[in-house]
Amino acid sequence: MKNTKKIIAVLVAVILAVAGVFVACSKGGETAENTVKGESAEIIAREEIKSDVEIPADFKIGLICLHDENSTYDKNFIDGLKAAAKGMGLTDEQVIIVTNIDENDACYNTAVDLAKNKGCKVVFADSFGHESHMMRAAKEFPDVEFCHATGTAAKGAGLANYHNAFAAIYEGRYIAGVAAGIKLNDMIKEGKITAEQAVIGYVGAFTYAEVVSGLTSFYLGAKSVCPSATMKVRYTGSWYDQAKEQEAATALIEKDNCVLISQHADSLGAPTACELAGVPNVSYNGSTYSAGKNTFIVSSAINWAPYFQHIIENTIKGEAIEANWCGTIATNSVVISGINQDVVDGESTIAELNKVIDQFKAGTLHVYDTSTFTVTVDKKNGINANAEVDADGHLTKYMADIDGDFKGDTNVVHDGYFDESGNEFRSAPYFDLVIDGITNINTNFGD
């Protein structure tokens, strides 16, 4: 991924710095003007971590990663921990990062080694399937804090030293979707496609709520500005498989007539397919501009540095860590990359994205506003079985699995919207509805 310059996140003012800028240079009394192109500064930047907590010499934190830095997903965690460590003054010896740890006993053994032999006071694992193994280790080492991303079991586990964390990335996905919708509108205006041909392709890893929530929020963002947009989804059955992801993206383009691609999968497979085919692409977990200079538009990502700072500080101060923690745009836990000005108009696109960001910050925009989408319920075949809708198909009730026990135990529809993951119910996503306008090409990870 391209390393973008660190910039304090001044949302509206950033427009002036990135779009429609002219660079003047003088030679022989003549002035040449060149429009700045390429990737702009970050729209919501990763702010520098600062802390006044003194770090004990014997403090250590361990990070367990499913893959390594070649995975955009794992790289995001690694970069977040390094940023927190740098800002808080941790030495290299105080940060232990272990990569390529599968979702099996390897995770348990690694967690035990970090707690018992390496002396870590905090152990963090980054993949959904790590959860049961982390909980097993947490029971054996009650004086060590075990934290886990994307898990669901902390609330009901009854372990004071086991914690789940996530962020309201569905808001970031929605923002990126708005940029995609703007691009679709441009393609329609330019006569490249008709309104009915505004079909988005999406490469998903698994049919988990985490993926479904992300693709749905992205679609709703696109549809908010391009009402004719529809979406087709192909699943790979793997978080990280470049060949499968590239194959899925290629099939979406060539077989399913998709004219723009996004993803919830962790390699450069989909962006590579888009660059080869000349199809616009929106990535996830960080900019893929370096792999798609002619097709990349924008990316949303979770910034994990604030959470790493939070758990380090609380552990050192002896303060409790929440069973469920969910970061937001306000905590700088949701970030948006720069816009590729060679693919969309930078100034107008950034202006529109900043309007959406301001609405999220003001609390006036809800991604899953039930008036903006409809749902088809087929309880006989188990489709959207936990949902209740009105005569027009708008959602009126949904019993979500909040406790992680696969029982629909909590109604999360209120005040006209589906209340997705946050600090009220659960940090990890639980939106798993298939809404109208989205078609799953495959759910068994095959063609």
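Q: What residue stands opposite Glu388?
A: Glu388 faces Lys397, a residue in strand 16. This is a predicted model, where local features need pLDDT of at least 70 and side-chain atom pairs count only at pLDDT 80 or more, while totals for chains, interfaces and linings use all residues. Residues are numbered from 1 along each chain as its sequence is written, and side-chain values use heavy atoms, with hydrogens and water left out.

Q: How do you know that strand 15 and strand 16 pair?
A: Two strands pair if DSSP finds at least two bridges between them. Strand 15 and strand 16 (residues 395–400) have 3 bridges and run in the antiparallel sense, so they meet that definition. Strands (E, at least two residues) and helices (H or I, at least four) are DSSP runs, numbered from the N terminus.

Q: Why are strand 15 and strand 17 said to stand at the edges?
A: The open sheet has 3 strands in the order 15-16-17, with antiparallel pairing. Strand 15 (387–389) and strand 17 (410–411) each have a single partner strand, so one side of each is left without a neighbour in the sheet.

Q: What is the order of the open sheet of 6 strands?
A: The order is 4-3-5-6-7-13, and the pairing is parallel. Strand 4 (95–98) and strand 13 are the edge strands, because each has a single partner strand.

Q: What makes strand 6 and strand 7 a pair?
A: DSSP bridges again: strand 6 and strand 7 (residues 162–167) share 4 bridges in the parallel sense. Within this pair, Phe146 stands opposite Tyr162 in strand 7.

Q: Why is the pair of Tyr307 and Trp325 called tilted?
A: Rings of Phe, Tyr and Trp (its six-membered ring) pair if their centres lie within 6.5 Å; planes under 30 degrees apart count as stacked, over 60 as edge-to-face and the rest as tilted. The centres of Tyr307 and Trp325 are 4.8 Å apart and their planes stand at 40°, so this pair is tilted. The structure holds 21 aromatic pairs.

Q: Are Tyr307 and Trp325 buried or exposed?
A: Buried means under 20% relative accessible area, exposed over 50%, and partly exposed in between (1.4 Å probe, protein chains only). Tyr307 has 0% and is therefore buried. Trp325 has 11%, so Trp325 is buried as well.

Q: How do you know that the charged end of Arg173 sits over the ring of Tyr284?
A: A charge sits over a ring if NZ of Lys or CZ of Arg is within 6 Å of the ring centre and within 35 degrees of the ring normal. The charged end of Arg173 is 3.4 Å from the centre of the Tyr284 ring. Arg136 lies over the face of Tyr108 too, at 3.6 Å from the ring centre.

Q: What does Thr72 touch?
A: Contact means heavy atoms within 4.5 Å. Leaving aside residues up to four places away in sequence, Thr72 touches Ala265, Asp266, Tyr284 and Asn285. Thr72 is in helix 2 (residues 72–88) and is buried, with a relative accessible area of 5%.

Q: What makes Thr150 and Asn332 stand out in phi?
A: Most residues other than glycine have a negative phi. Thr150 has a positive phi of about 75°, and Asn332 has a positive phi of about 65°. Thr150 lies in the loop between strand 6 (145–149) and helix 5 (154–157), while Asn332 lies in the loop between strand 13 and strand 14 (334–336). Thr150 is buried at 3% relative accessibility, and Asn332 is buried at 6%.
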